[in-house]
Amino acid sequence: MRASDEPAPIDPSMPRVELHLHLEGAAPPAFIRDLAQQRHVDIGGIFDADGGYAFRGFAAFLGAYDAACQVLQRPEDFRRLTEAVLEARAADGVIYAEIFLSPDFCGGGDLAAWREHLAAIHEAAAAAEAREGIVMRAIVTAIRHRGPAQTRRVALCAAETAGDFVTGFGIAGDESAGAAREFNWGFDCAREAGLGLTAHAGEWAGPESVRAALDEWRVARIGHGVRAIEDRALVARLAEAGTVLETCPGSNVALGLYQSFAAHPVARLREAGVRVTLSTDDPLFFRTSLSAEYDALARAFGWTEADFRAINIEAARAAFCDRATQERILSRLEVPA
Ligand code: ADE
Ligand code: ZN
């Protein structure tokens, strides 16, 4: 740290890789509010006096999230949303983003409707790549508390559209809903389709939830996974297996899982040899950005540009994309593949 005890500022133009970002969670509140007005949809009191999203705790967050998603009704809404999200992420230095897409919000799990929504999202991604250079890949995501049967529908949507753009499958939502094994069919289906696998675990449930995701679903990456810190043997297992954690410290602080960045286990996990990456999760809900996360972590742990560069390289190596794309991203981070 410098004499003032303030860490050196992190170069805002540093290229960043983000692996854990929910499309709807990156929706600007004004975008959702305007659409609600146009469509005459009553989404209840999800905004505060400043116009941002209002909620307290995880259950209220999920409620506000679902309410906001009610206004996203047509492929064109998702095309415009994707455009807005990628433009904002590119302005934050993101050069590669894996974005969670939920068929639940894009036609309810119906395959034909999903294809139409996905085509619109893909069109926006191609335009953003041409315009801003940001590369997007999609992770089709089931919502756990909607149950195993719906997860099977979502996995079929993922498997049927797997390819250069849809490269992953995951599960989000309330991780305490249902036993992991009830969702095995969905993960098996996605694995057979060649998709990379990730699961939200170890956020609102403890180490046993992370173990179940590893044992039942054989995921390469865990969304959050931070509560693995409560079990030393599990931390050693993650480090040994090279499992990648998509940590989102600002999300955990905003939702009250940890009281501050300084109390967050990301630095301890990294010191224990776990492959750690950094993302924003739902940046517009949590009023964060990747640059804000880096600044907060630099202040909390004294991390420097070299730390963030190493974390971005780790993220690029863990990306669910083809080798040529991965090499392209690594070269933009200035390292040979
Ligand atoms: N969906 C969007 N954000 C989420 C989070 N932080 N945890 C679980 N599900 C989510
Ligand atoms: Zn998430």
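**Exercise 1. Find which residue caps the N-terminal end of helix α14.**

Solution. Start at Asp322, the cap: one of its side-chain oxygens lies 3.2 Å from the backbone nitrogen of Ala324. Helix α14 covers residues 323-332, where helices are DSSP runs of H or I with at least four residues and strands are E runs of at least two, numbered from the N terminus. This is a predicted model, in which local features need pLDDT of at least 70 and side-chain atom pairs count only at pLDDT 80 or more, while totals for chains, interfaces and linings use all residues. Residues are numbered from 1 along each chain as written, chains are lettered from A and ligands numbered from 1 in written order, and side-chain values use heavy atoms, without hydrogens and water.

**Exercise 2. Work out which residues of α14 are buried and which are exposed.**

Solution. Buried means under 20% relative accessible area, exposed over 50%, and partly exposed in between (1.4 Å probe, protein chains only). First, Thr325, Gln326, Ile329 and Leu330 are buried. These buried residues fall within an arc of 135° seen down the axis, so they line one face of α14; the arc is taken from the directions from the helix axis to the C-beta atoms. On the other side, Arg323 and Ala324 are exposed. Last, just after α14, Glu334 has a positive phi of about 70°.

**Exercise 3. Name the residues that coordinate the zinc ion (ligand 2).**

Solution. Look for donors, meaning N, O and S atoms within 2.8 Å of the metal (3.2 Å for Na, K and Ca); water is not among the atoms, so sites may look incomplete. His20 (NE2), His22 (NE2), His200 (NE2) and Asp281 (OD) coordinate the zinc ion at 2.1 to 2.2 Å. Among them, His22 in strand β1 and His200 in strand β5 are 178 residues apart, linking distant parts of the chain.

Notes: Polar contact = N/O pair within 3.5 Å; in protein donor to acceptor, adjacent residues only side chain to side chain.
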